[in-house]
Amino acid sequence: MIVFFILAIASIVFSVLIVAQRNVVHCAMALAATLFILAVLFLTLDAPMLGILQIIVYAGAIMILILFVIMLLNPAAIEARPAAWWTIGSIAAAALFFQFAALLLRVPLPSAGPAVPDSFGGPESIAQTLFTDFTLPFEVASVLLLVAIIGAVVLAQRQR
Amino acid sequence: MTQAPLEYYLMLGALLFAIGVAGVIIRRDVIVILMSIELMLNAVNLTFIAFARFLGSLQGQVIVFFVMTVAAAEAVVGLAIIISVFRHRESLDPRDMQLLKG
């Protein structure tokens, strides 16, 4: 319980920093920190496999990609939006959050999770579900990744 | 160690999603907008995993696996588009990307 509150407050602080900081590199660092904290939250929810995947795929691969693009482009800092936009954005986000909260408070939710075996969320049980119930989506995902690779190469190469 | 109830995880997911929406609305930098979208996807992942734990079903975790796949593809293609646009316009400001504007 205490662990959850520490992680929740830290993730909220870092995600606000993503939005609030001027420097793009600092935003990327805040995003990496948020992703790490979410990985730990996954671990508290008996999802060790996905927690590790989160660190490898998100905090590793995707963050490195974003940082490389920032380094490559070396963008000049764009002037911030006028204060009116900050007000509009904050109000819209707050309205969205209160809609979600109202919905959550109305719907009956299971109070405590059922007891799960130790293997819950491990590589073996995930693979079991993945290759029995989700075989077709798995194949589609592999095609999607292939298309993304080819698309990225075609888009990013220099036009001759 | 007692586990936090499901509502707390869902509230945290909703809050992170709302912060991501605020980032998309407020920021003027395409890379930061992309990062905010990643944050929103992660908030949804947290919700899926919380439900998977509290319903005792692994299907939520497998869906998160697919969301990660799609997020990786989205980030790769999005960054390639950003590089390509930056070569032509020398800018990361979405206001400069309005060729289709009537």
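This is a predicted model: local features need pLDDT of at least 70, side-chain atom pairs count only at pLDDT 80 or more; totals for chains, interfaces and linings use all residues.
A:Asp46 is placed in the loop that joins helix 2 (24-44) and helix 3 (48-73) of chain A. The backbone of A:Asp46 adopts a positive phi of about 55 degrees, although the residue is not a glycine. Most residues other than glycine have a negative phi.

The contact between the two chains involves 61 residues of chain B and 68 residues of chain A. On the side of chain B that touches chain A, the elements that give two or more residues are helix 1, helix 2 (30-55) and helix 3 (59-89) of chain B, and the largest share, 21 residues, is supplied by helix 3 of chain B. By residue class, this side of chain B divides into 44 nonpolar, 10 polar and 7 charged residues.

From helix 1 of chain A the contact draws on A:Phe4, A:Ala8, A:Ser11, A:Ile12, A:Ser15, A:Val16, A:Ile18 and A:Val19, and from helix 1 of chain B on B:Tyr8, B:Leu12, B:Leu15, B:Leu16, B:Ile19, B:Ala22, B:Gly23 and B:Ile26. The residues of this contact comprise 13 nonpolar, 3 polar and no charged.

For helix 2 of chain A and helix 2 of chain B, the axes come within 11 Å and cross at roughly 5 degrees, which makes this pair roughly parallel as well. Residues of helix 2 of chain A that take part in the contact include A:Ala28, A:Leu31, A:Leu35 and A:Phe42, while those of helix 2 of chain B include B:Ile31, B:Met35, B:Glu38 and B:Ile49. Here the contact divides into 14 nonpolar, 2 polar and 1 charged.

The largest nonpolar core has 69 residues, and those with the most contacts inside it are A:Ala28, A:Leu31, A:Ile66, B:Ile31, B:Met35, B:Ile49 and B:Ala50. At least two residues of this core are supplied by each of helix 1, helix 2, helix 3 and helix 5 (123-132) of chain A, and by each of helix 1, helix 2 and helix 3 of chain B; the largest share, 15 residues, comes from helix 2 of chain B. Because domain 1 (1-75) and domain 2 (122-160) of chain A both give residues to this core, the core lies between them. The centres of these two domains of chain A, taken over C-alpha atoms, are separated by 22 Å. In soluble globular proteins, nonpolar side chains tend to be buried together.

Individual residues illustrate how contacts cross from one chain to the other. When neighbours within four places in sequence are left aside, A:Ile66 is in contact with A:Ala28, B:Ile31, B:Met35 and B:Leu79. With the corresponding neighbours left aside, A:Ala101 is in contact with B:Met11 and B:Ala14. A:Ala101 belongs to helix 4 (residues 83-106) of chain A, and this residue is partly exposed, with 16 other C-beta atoms within 10 Å.

Methods
Residues are numbered from 1 along each chain as its sequence is written. Chains are lettered from A and ligands numbered from 1 in the order in which they are written. Two residues are in contact if their C-beta atoms, placed from the backbone, lie within 7 Å. Helices (H or I, at least four residues) and strands (E, at least two) are DSSP runs, numbered from the N terminus. Ala, Val, Leu, Ile, Met, Phe, Trp, Tyr, Cys and Pro count as nonpolar, Asp, Glu, Lys and Arg as charged, and the others, Gly among them, as polar. A nonpolar core is a set of buried Ala, Val, Leu, Ile, Met, Phe, Trp, Tyr and Cys residues joined through C-beta atoms within 7 Å. A residue is buried if 20 or more other C-beta atoms lie within 10 Å of its own, exposed if 12 or fewer, and partly exposed in between; C-beta atoms are placed from the backbone. Domain bounds come from an automatic or database domain assignment. Axes are lines fitted to C-alpha atoms, for helices over the stretch in contact, and angles run from 0 to 180 degrees between N-to-C directions. Angles under 35 degrees count as roughly parallel, over 145 as roughly antiparallel, 65 to 115 as roughly perpendicular and the rest as oblique.
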